[in-house]
Amino acid sequence: MKAYEIIEIIENFAPKELAIVGDNVGLQVGDNLDKEVNKLGIALDPSLNVIKKAKKEGVDFLFTHHPILKNPIKNFTGIMYEKLKILMENDIILYSAHTNLDICKDGLNDALAELYKLKDVENLYENGLGRVGIFEGSFEELLDITKKYIVESPVVVGNIDGDNFKLAVLSGYGLSQDAIRYVAEKADVYLSGDLTHHSKILAEELGLVVVDGTHYGTEVYGLRKFMDYLKDMVDCEVVSLDF
Ligand SMILES: [Fe+2]
């Protein structure tokens with residue numbers, strides 16, 4: 001299967017236009033999209049380990065959720081040099097779908113909304129990030145689902161009695177202080193990743209119950225589903241490299 005055909009499948013699922021302003025999505029490294037792809041690698045991060053593994057496993061096309069660069073850099077030295085060297089010497093295409101994969105239908109946020117069987121689901125943010133809806137079980141049940149599918153021991157701030165509360169979910173880094181302030185107005189409980197000490201204190205002060213399912217856990221859950229989708233759609237071998 002040609003690289004451009006794989007890109008078409010990815011972009012039909014997660015259109016690039018959905019990405020938030022300033023995000024770096026799409027082709028990251030590569031030139032020849034006519035290239036035949038026999039092995040598609042999927043990873044959360046284009047880390048040095050993942051790139052080395054892609055080489056070792058003979059991956060032709062590496063799909064990652066996180067892009068290779070968030071902010072512009074001025075030189076290619078050290079680890080970045082090593083990453084590019086391996087990708088280029090082995091002619092591995094690197095392609096990322098980041099916030100467009102979080103936002104799109106059946107993407108990483110919808111996967112979380114579905115896992116918790118949220119009712120009356122709405123987008124958490126106007127740009128399409130996150131979901132909020134009614135969780136019909138108890139807080140204990142929410143934690144059981146989290147431990148089974150997201151992360152073994154989530155960090156929990158606060159507690160809530162009874163069933164049927166408003167749950168907000170956001171895949172990845174969602175527990176900044178700004179986000180806590182915003183979500184406290186929209187939901188009773190908030191599941192996301194990357195809780196800091198100051199965010200924890202703020203959540204306690206605002207009475208928002210927070211479940212930190214980790215950045216990795218809240219994203220890999222949906223990424224596995226996306227990988228299953230790609231397996232059905234592409235005509236080549238598909239392997240996961242960091243989950
Ligand atoms: Fe992320």
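**A guided reading of a predicted model**

Guide: The C-alpha centres of domain 1 and domain 2 lie 30 Å apart. The model is predicted: local features need pLDDT of at least 70, side-chain atom pairs count only at pLDDT 80 or more, and totals for chains, interfaces and linings use all residues. Residues are numbered from 1 along each chain as its sequence is written.

Visitor: Which residues belong to domain 1 and domain 2?

Guide: Domain bounds come from an automatic or database domain assignment. Here the assignment gives 3-98 for domain 1 and 105-215 for domain 2.

Visitor: In what order do the five strands of the open sheet stand?

Guide: Strands (E, at least two residues) and helices (H or I, at least four) are DSSP runs, numbered from the N terminus. Two strands pair if DSSP finds at least two bridges between them. In this open sheet the order is β1-β4-β3-β2-β11, with mixed pairing. β1 (26-29) and β11 (237-240) are at the edges with a single partner strand each, so one side of each lacks a neighbour in the sheet. From one strand to the next, the twist averages 25°, where axes are lines fitted to C-alpha atoms and angles run from 0 to 180 degrees between N-to-C directions.

Visitor: How many bridges join β2 and β11?

Guide: Strand β2 (residues 39-43) pairs with β11 in the parallel sense over four bridges. K39 has E237 in β11 as its bridge partner.

Visitor: Which residues does the UniProt annotation "binding site" cover?

Guide: UniProt annotations may be inferred rather than shown by experiment. The unreviewed entry marks H65, H66, D102 and E219. They span 155 residues in sequence, yet no two of their C-alpha atoms are more than 10.7 Å apart, so they gather at one spot.

Visitor: Where does D102 lie, and what is the place of E219?

Guide: D102 is in helix α4 (residues 99-103) and is buried, with 29 C-beta neighbours inside 10 Å. E219 belongs to helix α9 (residues 215-233) and is buried too, with 27 other C-beta atoms within 10 Å. Residues are in contact if their C-beta atoms lie within 7 Å. Leaving aside neighbours within four places in sequence, the contacts of E219 include H65 and L108, while those of D102 include L108 and S171.

Technical notes: Buried ≥ 20, exposed ≤ 12 C-beta atoms within 10 Å, placed from the backbone. Contact = placed C-beta atoms within 7 Å.
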